[in-house]
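This report walks through one model, taking its sheet, its chains, its cores and its contacts in turn.

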Amino acid sequence: MGNPMRIRASVQEGMTEVKVLMQHEMETGLRKDADGKLVPAWHITELKAVHNGKTVLEGQFGTAVSKNPYLVFRFKGGVSGEKISVNWVDNKGDTRSDEVEIS
Amino acid sequence: MLRKFFHFVSISAIFAFLVFSAQAADNSDTLLEAKVMTIIKHDFHDKGIAKIDRLNQDSVQAMCTKFLDNPPIDNMEHLQAEQEKAIRWPADGKYMGNWKAGEELAQSGSGMTWSDKPDAIPGGNCYNCHQLSAKEISYGTIGPSLLHFRLNFGKTSGGQTLTDKELQRFAYGHIYNAKAYNLCVNMPRFGHLGILTEAQIKDLVALLIDPESPVNKE
Amino acid sequence: MINLERRKALKTGGGIGLLAILTSVGLIQPSNALATYEVIAFDAKSMNETLAALGVNTPEDSMSVHLTVPEIAENGAVVPVTVSSLIDHTEQIYILVEKNPNVLAANFTFPDGTESFVTTRVKMRETSMIIALIKANGKFYRTSKEVKVTAGGCGG
Amino acid sequence: MNAPILKNGFFVFLFSIYCSVVLAESNASDEIAKYREMISDGNPAEFDEMRGEDLWKKPSGPNKVSMQKCDLGKGIGIVKGAYAELPKYFPDTDRVQDLESRLVFCMTTLQGIPEKEIIAKPFGGDNYKPDIESYVAYVVGQSKGVKMNVSLTHPKEKEAYEIGKRIFTYRAGPYDFACSTCHGQDNIRIRMQNLPNFNNLKDSQAAYISWPAYRVSQGLFRSFQWRLNDCFRQQRFPEPQYASELTIDLAIFMARNANNAIYAGPGLKR
């Protein structure tokens, strides 16, 4: 299981803003280690954010998304106290889900 | 080669230290200086190519440290003359190399750190401190801009235009040992301390002076 | 849960040419084909290959697509990118970096109710154009900006 | 043009911002400042703070004692605001210590971890994250928003400051560099990176309160000792001993010069 995310969600005038910071190496597969060997690609491939059972964002990442990916998006609706969950999967099949209450 | 040099300078450093210590007005200050030296000797260790003999100061380093880069004029002129005398000018009388090689060297900021391999060729580190070509926007400002070097450095303070040969010699001398002209200047002594070879310095001179180089062309 | 298997399975499939043929002859339903194209798009090496993989002919330059990037990135490892689209029914936002080994960096899908806006961070190997590509009403729009990646000294 | 339907008012508003940005003649340093502003949100150092907090509370080492017994200068168990007063003189060790030398002290005396083990590899790298670095992230995070208040009242603090000040100007090595060569003048930069002048209050404050930091170019959290270590590397000096008197004296010189600033770390750096 992957390392925990930091998710912050706050609602203002009916619009919920979600900020997600993920912990992931996001190896490109092009970098060489100290011994000159290629470090294999290892990156998040897909992510999904869900609010009240409804998908509010889907994403697909290539190798060019920065290490410890950061994401901000906004959706209509969402009430303080409701939960929003984010889930990702990487190319090794590892996965992580975290949820947070909207503030 | 560098190690040998530092062995030599450590002796002159001790000498310099004794001279300046004797001059120190305040005794507690002298004690503090001694403590500083003890800590410096004690708390560094060799790593890779960076050995602790690098901490031994030569006469220039000791003087500039002692007077916070503003030494008395007599001491300064004396040491500058000594440094200038030690410049090894090219035996073939030619100062200009290849500006393209010079630009590549100017871009490289590597060399001589403990993470550099012993056989790695140190870079010129020029862009770290100077603006050189108009198209490289990532340049430092620790030293003056060298953009349009021919135009901006080609005249004496009296307004006389230098010949190409004079300007080349000026550039070569400054890269080889800037401290021969301004004792406590920030710029490393690339020739004097064996960082760059004669051929490399010539390439940098060409970068500064060749009318076709990006320093002068744009 | 995200269907990783789908992506894996499709990665082992044929090249763009084969998929294009299968799609054109109707062997793959458009909805399935969409996901397939994206996987291949992430592996594409050039802008043309990437656009072909996404099924884009010539995207229309649009002032309604806003791309916020720094003019100069102090480090290529983290280049902040914000894209927002004022075009109604924006379904997708793609972020492309022209001179990266793989041009497509990320792609986001916006269901109804989600603002067509996203901020993320991408890696850039060198100075390059960053392109925000939008899919709305089945059509593609784009805008682009150059980000200069600079050589660093020490410090900071 | 096959015009899409526009949300007109908003569009005009955004467009005017867009134009004014394009028209503005901005220089490279302004652009770097904008870049830094744009990456300032979402600092991955938070993960190191979280890891550090968990570790801090966990009994560990041969003695199975948690770091909650460590006195960082404000009393046993008090972490909040401690970093803003470091380095300082500690009566129990009879010397001035910075955060990292104090952590080494607590880890050896409380937890029973041999000092050699701690200082052998104190900085993180590929797939390696030393505990001490996570402790640093947690502790400094607990001083966020606290005013820097480094004292020089004890004679040993005063002396450490004076020694640090002199180490700062010590020129040596193959490049003739001292710390002050790059950090003793106003408004200079190496390549695009501004160089804080540690003789200048504003620069000292801005620099000190933003370290330790997450370094995006390395994808790693970096401690203050790392910052000093890498400066010496680029100064072409040999390596300073981790948490040595040399580094502590330099640290108190820099920290004291930043007094009265509001501590803002862990920072986020290029």
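In which sense do strand β5 of chain A and strand β7 of chain C pair, and over how many bridges? Strand β5 (residues 70–76) of chain A and strand β7 (residues 117–122) of chain C pair in the antiparallel sense, over two bridges.

## Basis of the description

This is a predicted model, in which local features need pLDDT of at least 70, side-chain atom pairs count only at pLDDT 80 or more, and totals for chains, interfaces and linings use all residues. Residues are numbered from 1 along each chain as its sequence is written, while chains are lettered from A and ligands numbered from 1 in the order in which they are written.

The pairing of β5(A) with β7(C) belongs to an open sheet of six strands, ordered β1(A)-β2(A)-β5(A)-β7(C)-β4(C)-β2(C), with antiparallel pairing; strands here are DSSP runs of E with at least two residues, helices are runs of H or I with at least four, and both are numbered from the N terminus. Two strands are taken to pair if DSSP finds at least two bridges between them. The edges are formed by β1 (6–12) of chain A and β2 (65–68) of chain C, each of which pairs on one side only. From one strand to the next the twist averages 15 degrees, where axes are lines fitted to C-alpha atoms (for helices over the stretch in contact) and angles run from 0 to 180 degrees between N-to-C directions.

Chain A has zero helices and seven strands, and its C-alpha atoms fill a box of roughly 55 × 20 × 20 Å along the principal axes. Of its 103 residues, 41% are buried, a residue being buried if 20 or more other C-beta atoms lie within 10 Å of its own, exposed if 12 or fewer do, and partly exposed in between, with C-beta atoms placed from the backbone. Among the contacts of chain A with a separation of 6 or more, 54% are between residues 24 or more positions apart; a contact requires C-beta atoms, placed from the backbone, within 7 Å.

A:G77 is found in the loop between β5 and β6 (83–90) of chain A, and A:G77 is partly exposed, with 16 other C-beta atoms within 10 Å. Not counting residues up to four places away in sequence, A:G77 touches A:G14, A:T16 and C:G113. By contrast, A:S66 is 11 residues from A:G77 in sequence but 30 Å away in space, C-alpha to C-alpha.

Chain B has 10 helices and one strand, in the sequence order α-α-β-α-α-α-α-α-α-α-α. Buried residues make up 42% of its 218 residues, and of its contacts between residues at least 6 apart in sequence, 60% join residues at least 24 apart.

The largest nonpolar core has 163 residues, and those with the most contacts inside it are B:V205, C:I95 and D:V139; such a core is a set of buried Ala, Val, Leu, Ile, Met, Phe, Trp, Tyr and Cys residues joined through C-beta atoms within 7 Å. Helix α11 (residues 245–257) of chain D gives the most to this core, with eight residues. A second, separate core of seven residues includes B:V60, B:L79, B:L183 and B:C184. Leaving aside neighbours within four places in sequence, the contacts of B:V205 include B:Y95, B:Q168 and B:I175.

## The contact between chains B and D

This contact takes 33 residues from chain D and 39 residues from chain B. On the side of chain D that touches chain B, the largest share, four residues, comes from α7(D), and the residues of that side divide into 16 nonpolar, six polar and 11 charged. In this division Ala, Val, Leu, Ile, Met, Phe, Trp, Tyr, Cys and Pro count as nonpolar, Asp, Glu, Lys and Arg as charged, and the others, Gly among them, as polar. Strand β1 (residues 44–45) of chain B is joined to β7(D) by two bridges, running antiparallel, and B:H45 stands opposite D:E239 in β7(D).

## A helix of chain C

In helix α4 (residues 47–54) of chain C the buried residues are C:T50, C:L51, C:A53 and C:L54. Seen down the axis of α4(C), these residues fall within an arc of 160 degrees, so they line one face of the helix; the arc is that of the directions from the helix axis to the C-beta atoms. C:G55, whose phi is positive, near 75 degrees, follows α4(C).

Technical notes
Two residues are in contact if their C-beta atoms, placed from the backbone, lie within 7 Å.
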